[in-house]
Amino acid sequence: MKFKSKTIYTSHIDTPLGGITMAATDQGLAGVWFDQQRHWPDTTGWIAKDDHPALVEAGTQLRDYFAGKRGDFDMPLDLSHGTAFQQSVWHALLGIPAGKTMTYGALSAHVGNPAAVRAVGAAVGRNPISVIVPCHRVLGSNGSLTGYAGGLHRKTALLELEGAR
């Protein structure tokens, strides 16, 4: 993923599921990736800034989430770095509440394109804001755990943390 913003700020935190790199623009949180996650962005030119307000807030809310103190997140997000279709899928993911899941087929129908299950799956896989934009809450048609860029072990752990498994 190549970010459109000229300035990207970054910070790293440790979580029970491994390290997380976060990225923010002046518009809000733009990325959350587990260490060694697939679809890692090009971080060339990013500026380390542990005190950036969006990164501080994201770190606080992620720590609360992993401690079982919150299920959903409330912070400005910058989802502008994908295609219009990807952005529509990422916004739809925000509507899946903690503890609930949705199939790729249902998500495709929700975004108005029920035949685009594979394209929706690809957009879910490219979600740049893991955990906070809850792509881990999307399951296969039979309820099976399918791919997760952060690893199926993390997807399982996130769903268990939320009481969805």
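This report describes the sheet, the helices and a few single residues of a predicted model.

## Basis of the description

The model is predicted, with local features requiring pLDDT of at least 70, side-chain atom pairs counted only at pLDDT 80 or more, and totals for chains, interfaces and linings using all residues. Residues are numbered from 1 along each chain as its sequence is written, and side-chain values use heavy atoms, with hydrogens and water left out.

## The sheet

Four strands form an open sheet in the order β3-β2-β1-β4, with mixed pairing; strands here are DSSP runs of E with at least two residues, helices are runs of H or I with at least four residues, and both are numbered from the N terminus. Two strands are taken to pair if DSSP finds at least two bridges between them. The edges are β3 and β4 (47–48), each of which pairs on one side only.

Strands β2 and β3 run antiparallel and are joined by six bridges, with a hairpin of two residues leading from β2 to β3. Within this pair, I20 stands opposite F34 in β3. Strand β3 is mostly covered, since seven of its seven residues are buried, where buried means under 20% relative accessible area, exposed means over 50%, and partly exposed lies in between, for a 1.4 Å probe and protein chains only. Strand β1 (residues 9–15), by contrast, runs parallel to β4 and is joined to β4 by two bridges, and Y9 stands opposite I47 in β4.

Helix α1 lies across β1, β2 and β3 and runs at about 145 degrees to β2; axes are lines fitted to C-alpha atoms, for helices over the stretch in contact, and angles run from 0 to 180 degrees between N-to-C directions.

In helix α5 (residues 152–161), the buried residues include R154, K155, L158 and L159. Seen down the axis of α5, the buried residues fall within an arc of 135 degrees and so line one face of the helix, the arc being that of the directions from the helix axis to the C-beta atoms. An α-helix has 3.6 residues a turn, so residues three or four places apart point the same way. The buried residues of α5 pack against β2 (18–25), β3 (28–34), α1 (53–66), α3 (104–110) and β6 (138–139), contact meaning heavy atoms within 4.5 Å. H153 and E160, on the other side of α5, are exposed. Just after α5, G163 takes a positive phi of about 80 degrees.

## The contact of α2 with α4

The axes of helix α2 (residues 84–93) and helix α4 (residues 117–125) come within 9 Å and cross at roughly 75 degrees. The two helices are therefore roughly perpendicular to each other, on a scale where angles under 35 degrees count as roughly parallel, over 145 as roughly antiparallel, 65 to 115 as roughly perpendicular and the rest as oblique. F85, Q86, V89, W90 and L93 of α2 make this contact with A119, V120, A123 and V124 of α4. These residues divide into eight nonpolar, one polar and no charged, with Ala, Val, Leu, Ile, Met, Phe, Trp, Tyr, Cys and Pro counted as nonpolar, Asp, Glu, Lys and Arg as charged, and the others, Gly among them, as polar.

## Two residues of α4

A122 lies in helix α4 and counts as partly exposed at 47% relative accessibility. The C-alpha atoms of A122 and V89 are separated by 9.9 Å, although these residues are 33 residues apart along the chain.

G125, also placed in helix α4, is partly exposed with a relative accessible area of 24%. Not counting residues up to four places away in sequence, G125 touches H39 and A149. G125 and H136 are eleven residues apart in sequence and 9.5 Å apart in space, C-alpha to C-alpha.
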